[in-house]
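Student: I would like a close look at a single part of this model, in one connected answer. Please give each term its cut-offs as you go.

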Amino acid sequence: MEYFIQQLLNGLTLGSIYGLVAIGYTMVYGIIGMINFAHGDIFMLGGFAALIVFLILTSFFAGIPVALALLLMLIIAMLVTSLWNWTIERVAYRPLRGSFRLAPLITAIGMSIALSNFIQVTQGPRNKPVPPLINDVYHFGDITFSLKQLVIVIVTAVLLAVFWYIVHRTPLGRAQRATEQDRKMAALLGVDVDRTISITFVMGAALAAVAGTMYLMYYGVASFTDGFTPGVKAFTAAVLGGIGSLPGAVLGGLLIGLIESLWSAYFSIAYKDVATFAILAFVLIFKPTGILGRPEVEKV
Amino acid sequence: MTEQNFPATPGLMAKALKEGIFAGVLALGMFLLYVGIKTDQNINNELIWYPRWGLLAIFVLVAGIGRFLIVGFVAPHINQRRLAKAKAGIPEVSEDKGFFRKHFLKIALVALVLYPPVVMSIYGTQGSLKFVDNFGIQILIYVMLAWGLNVVVGLAGLLDLGYVAFYAVGAYSYALLSDLFGLSFWVLLPIAGILAAFWGIILGFPVLRLRGDYLAIVTLAFGEIIRLVLINWTDVTHGTAGISGVAKASIFGIWSFDVGASNNFAKSFGLPMSSAYYKIFLFYVILALCMLTAYVTLRLRRMPIGRAWEALREDEIACRSLGINTVMTKLTAFAIGAMFGGFAGSFFAARQGFVSPESFVFLESAVILAIVVLGGMGSLTGIAIAAIAMVGGTELLREMEFLKLIFGPDFTPELYRMLLFGLAMIAVMLFKPRGFVGSREPTAFLKERKAVSGSFTKEGHG
């Protein structure tokens, strides 16, 4: 039983990270209907930004409090990735908005390839280990819960609350929801659609940066290939939850995290990703629009 | 309409300057951490960092000045030309093409058939290896894969992000079956195709009900599952180590290319021993396979099943209303696309002599899909051109030794290969969103053939 709860906690931590990335996918998909393949690499860029900020901080201010360092890492990573995602949307996606559906998908895949190789070229191909920031561990009987897991879960929960508030209670969120429902009509009613879409990309990038920082903190290593696998899993989470639905993305993320950790705990660690993808396929066979997705109305 | 002179627009320079400075500041923000600072491991495996302000300055200046020039000079120039074109009216698509355009396919085929002997006569037996292998075979494999995927994406409109799985099935089928049962390439080629088609149907069944992006993610997941199984099922596949020593193909069992064999090709003809003959033989094999793919695709497009695919791509509901069996239509598209992938895979295994899961990553699927889309979906010629441009271009980068003279001896062009590939994908899409071939001949027409713009057809809806 203790073992099970332990795995449950690990799964929730991992799931929170996936959930944060999945929100970025699901929002962009909801608003302009494209798979932003480069989102996983934005997550990776966020991790790298945090890593570099961490290195600079520790070399200049050796005794900096961990909480302050973490806060600075988060803020700078969020700013940098926001700039990147804003620019990417502007350069690679906006000109193709009226084009056929596969065109932005191809630029997104191209962007993903370019971003990961950009980091490989500028920062080198080797894995970059970081010394652990937070070492505290709590014991409850046989269950160990580390402070960093707690930080990850709390940061995720806080961000989700903030995010939920923005989308449901602010004029910006209203503009986003309107654009999502009907872009043309929203534009006619005075919503600045371009700006709303840009802000959506910025918000997605900020969440991905947080996830990237958490991932770096959790695993203690960064690599230029980090964008792909977590990116695909987060996208899987978004689809599993029902793409376009925010609670769905979080739910999907948590489910993927749980499946992954429970499968590695009870079956085989080698096939954990196979299990994740297989369960995705099964869910979609029986519920083709994901768990919380609205069924699409088909029209001729 | 009065003549407008764009460069004289008041405030243009001020606007260009403003945008240039903005782009520079943006680039500073974007590149400060990643370019301005380099992280590295020291001997104790601790991370250290050092600044690279010079490189950062170059990035910022290029972005700022580039944006300034584009806004100030390039954009007005383009606008002016567009205006002039609009005034002149839309030119009719001329019906009579030149001799070259008319006989383009025949010329291309003759050029391809003559390619190995010509290269061999210029660079010698050993020198031709690079050209036949890296440029010829490598590009033709991608042409074949892209034509195979074109059946699924370009014709049937089903977005498949896991096509490389079928390539892997073909490659492992050949590698494993030839290892276990000692069967020859020519026996296993169709078997590999059939097995891949079988897997195509297995993938096809669960995704029958899915549309669009749900289909995309499940196909991606399928590709990853196949790769992960290949990595982890070590008893059979030897995991990441892969299978080496895969048997070579022979000329229908008459001549072999194994060095020790008594019927060795070079020995039989009294030629000096060289691996170049095998490569040239493989070149013709893959050329024939490509031709087969093209022939089958073109033929199928004229058959009811091909028409059904295109109808499915344009509108699934209308298709169903008209009594087309969409289940069969989708499954055949998956199966036939997968079959070509399987052929290409078994060829790949015979050529490489080695298969490992490394060759079948998602990136390969992305590259193949990119070639299909960049070529202008559905157009075989366009796809072939895209494959030559994208694969040949990145291969060419390996050969650019002279760049070392410019950027110093430490410069390795290979490092930038995929970076440039990604950027090229974006650039081509931005400037030619409909791909290299923007118009196509319709398969069904009333009275007369008329080229239609590519933008009249929908693709990839699922």
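Tutor: Over residues 100–119 of chain A the chain is 90% helix and 0% strand, with 30 Å between the end C-alpha atoms; helices (H or I, at least four residues) and strands (E, at least two) are DSSP runs, numbered from the N terminus. The model is a predicted one, in which local features need pLDDT of at least 70 and side-chain atom pairs count only at pLDDT 80 or more, while totals for chains, interfaces and linings use all residues. Residues are numbered from 1 along each chain as its sequence is written, and chains are lettered from A and ligands numbered from 1 in the order in which they are written.

The span 100–119 is one of those that UniProt, in an unreviewed entry, lists for chain A under "transmembrane region", together with 12–35, 42–62, 68–88, 150–167, 197–218, 238–259 and 266–286; UniProt positions are given in the numbering used here, feature names are shortened, and annotations may be inferred rather than shown by experiment.

The contact between the chains takes 56 residues from chain A and 52 residues from chain B, where two residues are in contact if their C-beta atoms, placed from the backbone, lie within 7 Å. On the side of chain A that touches chain B, at least two residues each are supplied by α2 (39–60), α3 (66–93), α4 (102–123), β1 (128–129), α9 (228–241) and α11 (272–286). The largest share, 15 residues, comes from α4(A). By class, this side of chain A divides into 42 nonpolar, nine polar and five charged residues; Ala, Val, Leu, Ile, Met, Phe, Trp, Tyr, Cys and Pro count as nonpolar, Asp, Glu, Lys and Arg as charged, and the others, Gly among them, as polar.

The axes of α9(A) and helix α7 (residues 212–232) of chain B come within 11 Å and cross at roughly 135°, axes being lines fitted to C-alpha atoms, for helices over the stretch in contact, with angles from 0 to 180 degrees between N-to-C directions. That angle makes α9(A) oblique to α7(B), since angles under 35 degrees count as roughly parallel, over 145 as roughly antiparallel, 65 to 115 as roughly perpendicular and the rest as oblique. Their crossing is left-handed: a crossing has this hand if the near helix is turned anticlockwise from the far one by less than a right angle, and is right-handed if clockwise. Here V232(A), F235(A), T236(A) and V239(A) meet Y214(B), I217(B), L220(B), A221(B) and E224(B), which gives seven nonpolar, one polar and one charged residues.

Within chain A, the axes of α9(A) and α11(A) come within 10 Å and cross at roughly 20°, so α9(A) is roughly parallel to α11(A). The two pass in a left-handed crossing, through K233(A), T236(A), V239(A) and L240(A) of α9(A) and T276(A), F277(A), L280(A) and V283(A) of α11(A). These residues divide into five nonpolar, two polar and one charged.

The remaining pair, α11(A) and α7(B), packs at about 150° with axes 9 Å apart, and the two helices are therefore roughly antiparallel to each other. This crossing, too, is left-handed. From α11(A), D273(A), V274(A), F277(A), A278(A), L280(A), A281(A) and L284(A) meet Y214(B), V218(B), A221(B), E224(B), I225(B), L228(B) and V229(B) of α7(B), a contact of 12 nonpolar, no polar and two charged residues.
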